[in-house]
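User: I have the sequence and the model on screen. Walk me through the calls made on it, and say what backs each one.

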Amino acid sequence: MIPFSARVGRTRPAATFAMAARARALRAAGHDVISLSIGEPDLPTPPHVVDAAHRAALGGQTRYPPIAGTDALRCAAARKFERDQGLPATPADVLVTNGGKQAIFDAVMSVIDPGDEVLIPAPCWAGYIQVVEFTGGIPVFIDCPAEAGFRVDAATLAAAIGPRTKLLVLNYPNNPSGAIADAAMLIGIADVLRRHPHVLTISDDIYEHLIFEGAYVTLAAAAPDLAGRVLTMSGVSKSYAMTGWRIGFCTGPRDWLAAMTLVQGTTTAGVSTISQAAAVAALDGPQDLLEERRTIYRRRRDLVLGALAGAPGLTCSRPEGAFYAFPSITSLLGCRTPSGRILGNDEDVANALLDEALVATVPGSAFAMPGHIRLSTAASDALLEEACERILRFCITTCNH
């Protein structure tokens, strides 16, 4: 056997992709599966963005890129950080990455040593856990239940900080809950961080344009005095439907960005020049499409909430942003499905929904919050209506079985 590294042994495959793979296998076998497992927009990349990439390729922008990103995209991202997030930035304050996930990987790899603790409010995107464990860091989860609006409580955060705490990861709008950060929450977090100057923060704002209620606020703008230890990241994947283009970017302290650039130079070296040209067109082009698409996602959220309101065994909080629903399924636990399967946990529920209702979801345990399932609402109205009808029938028959 190959003696794989301890890093590989610590790394677990993402449940999101595992459920998506199961859904594909069932579909390939002839089953009519509706997959709501992957958080990927079903809307197209804007045509002017595709045209910009085509022009870049024809114009010879096909050479090795600078590790930190092209001048054009770093300039566009700096303008975007100031315009959308209220963060003063110059091109020197921007690092371009292969998707948002590499920004997180670079950031964690550059500051976390084995045994360092990383505070992660739960529920959380599974990718944070993977990256922290890969580095040998220790994820420490801060429970943010539905009753608290899935938001971080300052007192709970303060109690979680210890001598080994090195990093806090924030993600609002949140995947999977759809919770947003309000000013009061961020002010409370800032007050705690001021008392612990050894703690750095990553603010993952990838869903910043997908807010349905309230206003978008980010930590470095709410507390400018902390900007020297806050990394703010975003990208074009979600807002502009450009998941496959793999473009993320971040801004923060220049010494942190320099360390991240070193990590990136050791791994991927740089980002596709064609994709970077496309991202410039997205950031500098017409922005009215953001409101148009936000309206579509808001309508889909309301469709799903309305359709599942009568489902016995499900209780769904109202997402304020992103494109997910994260219902509690605890009332289904202990029930028996029509096929005879006893539902012992959220993984059982997700697997039964896929096997018996042909709807792919993701168990909440994948997001460090068991007792829930996540549904992506980034699908057509027709697919969402049919998926919710199947889930409703499943819940009714299971609760009455």
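**Cavities, pockets and surface**

Analyst: The second largest cavity has a lining of eight nonpolar residues, two polar and no charged. This is a predicted model, so local features need pLDDT of at least 70, side-chain atom pairs need 80 or more, and totals for chains, interfaces and linings use all residues. Numbering runs from 1 along each chain as its sequence is written, and side-chain values use heavy atoms, without hydrogens or water.

User: What makes a residue of that lining nonpolar, polar or charged?

Analyst: Its type decides. Ala, Val, Leu, Ile, Met, Phe, Trp, Tyr, Cys and Pro are nonpolar; Asp, Glu, Lys and Arg are charged; the others, Gly among them, are polar. The lining is Ile 120, Pro 121, Pro 123, Cys 124, Tyr 128, Val 169, Leu 170, Asn 171, Tyr 172 and Asn 174. β3 (117–122) and β5 (165–171) each give two or more of these residues. β5 gives the most, with three. Strands here are DSSP runs of E, at least two residues; helices are runs of H or I, at least four; both are numbered from the N terminus.

User: Why is this space called a cavity and not a pocket?

Analyst: On a 1 Å grid over the protein atoms alone, a cavity is a set of points where a 1.4 Å probe fits but cannot get out; a pocket is an open set with protein on both sides within 12 Å along at least five of seven lines. Lining residues have an atom within 4 Å of a point. The second largest cavity holds about 40 Å³. That volume is the space filled by probe spheres set on the points, which are joined across faces, edges and corners.

User: What lines the largest pocket?

Analyst: The largest pocket has about 560 Å³ of space. It is lined by 26 residues, and Phe 17, Gly 39, Trp 125, Lys 238 and Arg 246 are the closest to its centre. α2 (15–28), α5 (99–111) and α6 (126–135) each supply at least two lining residues. α6 gives the most, four. The classes are 11 nonpolar, nine polar and six charged.

User: How do you know that Phe 150 is buried or exposed?

Analyst: Buried means under 20% relative accessible area, exposed over 50%, and partly exposed in between (1.4 Å probe, protein chains only). Phe 150 has 5%, so it is buried. Phe 150 sits in the loop between β4 (138–143) and α7 (154–160). Its C-alpha lies 8.6 Å from that of Pro 121, which is 29 residues away along the chain.

User: And why does Ile 2 get its label?

Analyst: Ile 2 has 59% relative accessibility, so it counts as exposed. Ile 2 lies in the segment before α1 (6–10).

User: What makes a nonpolar patch there?

Analyst: Patch residues have over 30% relative accessible area and no salt bridge; nonpolar side chains (Val, Leu, Ile, Met, Phe, Trp, Tyr) are joined within 5 Å, like charges within 9 Å. A salt bridge is a Lys or Arg side-chain nitrogen within 4 Å of a carboxyl oxygen of Asp or Glu. Ile 2, Phe 4 and Val 8 make a nonpolar patch of about 340 Å². Areas come from the Shrake-Rupley method with a 1.4 Å probe; for residues, only the protein chains shown count as cover.
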